[in-house]
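I opened this notebook to record what I looked up in one structure. The entries follow the order of my reading.

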Amino acid sequence: MSVATLADDYRPSEDEEFMNARQREYFRKKLNAWKEEILRESRGTLENLQEESTNHPDMADRASSESDRALELRTRDRQRKLISKIDAALKRIDDGSYGFCEETGEPIGLARLDARPIATLSLEAQEMHERREKVYRDD
């Protein structure tokens, strides 16, 4: 997803009111472009899997083909989950909660949202969450 596909080369700035109408529209376009890219790749995968259904006489070729197919399907499954996170972010834009940390209510930050537009936690809350996970994993 290139930022060039987003209208008028607008980039959110810290100098503006946080999550103003222009910023919300910027992130809506960014999320929709990302979703479209994933869906386009998924359609390509389906076409490849349908074409690739040939029977390989060589066991090594068959094993390699099956391994490639399994990897591709795992990737698509991750992307399917990503689409649901994108849809959730779009709903947050609609309800006005986008850009604010789920735990603290504080702004997540434009740089973090630009890098990860599906983020639901501020950097500080995410780091605390990861530290807690690590502590529980180490037990």
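**Entry 1**

I began with Asp-87, which counts as partly exposed because its relative accessibility is 26%. The classes I used are buried for under 20% relative accessible area, exposed for over 50%, and partly exposed in between, with a 1.4 Å probe and protein chains only. I noted that this is a predicted model, in which local features need pLDDT of at least 70 and side-chain atom pairs count only at pLDDT 80 or more, while totals for chains, interfaces and linings use all residues. Residues are numbered from 1 along each chain as its sequence is written, and side-chain values use heavy atoms, with hydrogens and water left out.

I then looked up the partner of Asp-87 and found a salt bridge with the side chain of Lys-35, at 2.6 Å from N to O. This pair links distant parts of the chain, with Lys-35 in helix α1 and Asp-87 in helix α2 (residues 59–95), 52 residues apart. A salt bridge here is a side-chain nitrogen of Lys or Arg within 4 Å of a carboxyl oxygen of Asp or Glu.

**Entry 1: Further salt bridges**

I recorded a count of 10 salt bridges by this rule. One of them joins Arg-76 and Glu-41, whose closest N and O atoms are 3.8 Å apart. Here too distant parts of the chain are linked, Arg-76 being in helix α2 and Glu-41 in helix α1, 35 residues apart. Arg-76 counts as buried, at 16% relative accessibility, whereas Glu-41 is partly exposed, at 32%.

I also looked up Asp-77, which forms a salt bridge with Arg-80, the closest N and O atoms being 2.5 Å apart. Asp-77 and Arg-80 are separated by about one helical turn because they are three residues apart in helix α2. Asp-77 counts as partly exposed, at 30% relative accessibility. Salt bridges that share partners join Arg-11, Lys-30 and Asp-114 into one network.

**Entry 2: The chain as a whole**

I found four helices and zero strands in the chain; helices (H or I, at least four residues) and strands (E, at least two) are DSSP runs, numbered from the N terminus. Of the 139 residues, 27% count as buried. Among contacts with a separation of 6 or more, 56% come from residues 24 or more positions apart, a contact being heavy atoms within 4.5 Å.

Is Trp-34 buried or exposed? I noted that Trp-34 counts as buried, at 17% relative accessibility, and that this residue lies in helix α1.

I next looked up Pro-12, in the segment before α1 (21–51). Leaving aside neighbours within four places in sequence, Pro-12 is in contact with Gln-23, Tyr-26, Phe-27 and Leu-110. Pro-12 and Arg-22 are 10 residues apart in sequence and 8.0 Å apart in space, C-alpha to C-alpha.

**Entry 3: Ser-122**

I placed Ser-122 in the loop between α3 (110–115) and α4 (123–138). Which residues does Ser-122 touch, not counting residues up to four places away in sequence? I listed Cys-101, Pro-107, Ile-108 and Arg-112. Ser-122 counts as buried because its relative accessibility is 5%.

**Entry 4: Glu-130**

Glu-130 is partly exposed, with a relative accessible area of 42%.
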